[in-house]
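Here are some notes for a colleague who is opening this entry for the first time. They are meant to be read with the structure on screen, one point at a time.

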Amino acid sequence: MLRDAALQAGDLVVEVGCGTGRLTLPLSAMTPANVTGLDTEARMLEVARSKDTAGRVEWARGSAYRLPMNDEAAALVVMVMVVHLLRQRVRAFTEARRILRPGGQLSLWTFTPRHVEDFYLNPYFPSIATIDRPRFPSESVLSAELKRAGLDEVRVELRDEPRQISIADVVDRVRGRYISTLAMLPPLEYRLGLQRLEEMLAQDRSIMLVQRSEWAIITARK
């Protein structure tokens, strides 16, 4: 993504929905450009600032629908695992286009519908797929929405990322509701699913679950 954007010193990269800076910080170390991490949650930004020991990133509070940047200020806008949180995607993409300079690039990283259908926690929480189907549209839908927002040269890359996760790590993740969908489950379904995973952990700590993530990486230019 960074190579494709051909960033130079003085250019601006904006990560929308940066959270605690998990991507923003390594991103800032890999480019000579200036990097801004943007999020709506003040507590997330406080954590991000505390981790930014090099002081390479400017942290700002703001919404995807109203970015606190001037027109044509950015060379690259990044949205990683943000699309499913947007209720007005075209509006957000249009706002990203506003702050992009001519030739600037918007990069979206999101999960595919197949990822939703094959998600490794579905057997324990059947409502996950029902909740996430409308939140994770197909790459063709997103490509059309990017074009509606006035962006061109839309390209799609799919990446499959299988990995094994220990049952102990799975239980820790679920207890912490590490994905937003878990907080949207019916309370009884969440409790029963967690109980089933905890019983598996008690029976055999060597159990491994396979998580298969399928990413859609979509780029578009102004």
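**Notes on salt bridges, strands and helices**

1. Arg133 has a relative accessible area of 43% and so counts as partly exposed. Please keep in mind throughout that this is a predicted model. Arg133 forms a salt bridge with Glu117, and the closest N and O atoms of the two are 2.6 Å apart. Because Glu117 belongs to helix H5 (residues 113–117) while Arg133 sits in the loop between helix H6 (127–132) and helix H7 (139–148), the pair ties together parts that are 16 residues apart in sequence. Glu117, at 39% relative accessibility, is likewise counted as partly exposed.

2. A second salt bridge joins Arg212 to Asp118, with 3.6 Å between the closest N and O atoms. Arg212 is in strand E7 and Asp118 is in the loop between H5 and H6, so this pair ties together parts that are 94 residues apart in sequence. Arg212 is partly exposed at 23% relative accessibility, and Asp118 is partly exposed with a relative accessible area of 40%. Both belong to a network of salt bridges that links Arg114, Asp118, Asp160, Arg212 and Glu214.

3. Which parts of the chain does the salt bridge between Glu72 and Lys222 tie together? The side chains of Glu72 and Lys222 meet at 3.8 Å, N to O. Glu72 lies in the loop between strand E3 (57–61) and E4, whereas Lys222 lies in the segment after E7, so the bridge connects parts that are 150 residues apart in sequence. Glu72 is partly exposed at 45% relative accessibility, and Lys222 is partly exposed with a relative accessible area of 23%. For the structure as a whole, the count of salt bridges comes to 16.

4. Glu189, in helix H10 (residues 187–203), deserves a separate look. This residue is buried yet has no salt bridge, and the nearest side chain of opposite charge, that of Arg196, is 9.8 Å away. When neighbours within four places in sequence are left aside, Glu189 is in contact with Phe125, Pro126, Ser127 and Ile128.

5. Strand E4 (residues 74–80) is mostly covered, with 7 of its 7 residues buried. On one pairing, E4 and strand E1 (residues 12–16) run in the parallel sense over 3 bridges, and Glu15 stands opposite Val78 of E4. On another, E4 pairs with strand E5 (residues 100–111), also in the parallel sense, over 6 bridges; here Val80 has Trp109 in E5 as its bridge partner.

6. Which residues of helix H8 (residues 167–175) are buried? They are Ile167, Ala168, Val170, Val171 and Val174. Seen down the axis of H8, these buried residues fall within an arc of 160 degrees, so they line one face of the helix. In general, an α-helix has 3.6 residues a turn, so residues three or four places apart point the same way. The cover over the buried residues of H8 includes strand E6 (152–166), helix H9 (180–183), H10 and strand E7 (208–221).

7. Several backbone angles are worth checking by eye, because most residues other than glycine have a negative phi. Just after H8, Arg177 takes a positive phi of about 45 degrees. Ala6, in the loop between helix H1 (2–5) and E1, has a positive phi near 50 degrees, and at 47% relative accessibility Ala6 counts as partly exposed. Met81 is found in the loop between E4 and H4, where its phi is positive and near 55 degrees; with a relative accessible area of 24%, Met81 is partly exposed.

8. Arg49 and Leu25 are 24 residues apart in sequence, and their C-alpha atoms are 9.8 Å apart in space.

Methods
Residues are numbered from 1 along each chain as its sequence is written. This is a predicted model: local features need pLDDT of at least 70, side-chain atom pairs count only at pLDDT 80 or more; totals for chains, interfaces and linings use all residues. Side-chain values use heavy atoms; hydrogens and water are left out. Helices (H or I, at least four residues) and strands (E, at least two) are DSSP runs, numbered from the N terminus. Buried means under 20% relative accessible area, exposed over 50%, partly exposed in between (1.4 Å probe, protein chains only). Lys and Arg count as positive and Asp and Glu as negative; His and the chain ends are not counted. A salt bridge is a side-chain nitrogen of Lys or Arg within 4 Å of a carboxyl oxygen of Asp or Glu. Contact means heavy atoms within 4.5 Å. The arc is that of the directions from the helix axis to the C-beta atoms. Two strands pair if DSSP finds at least two bridges between them.
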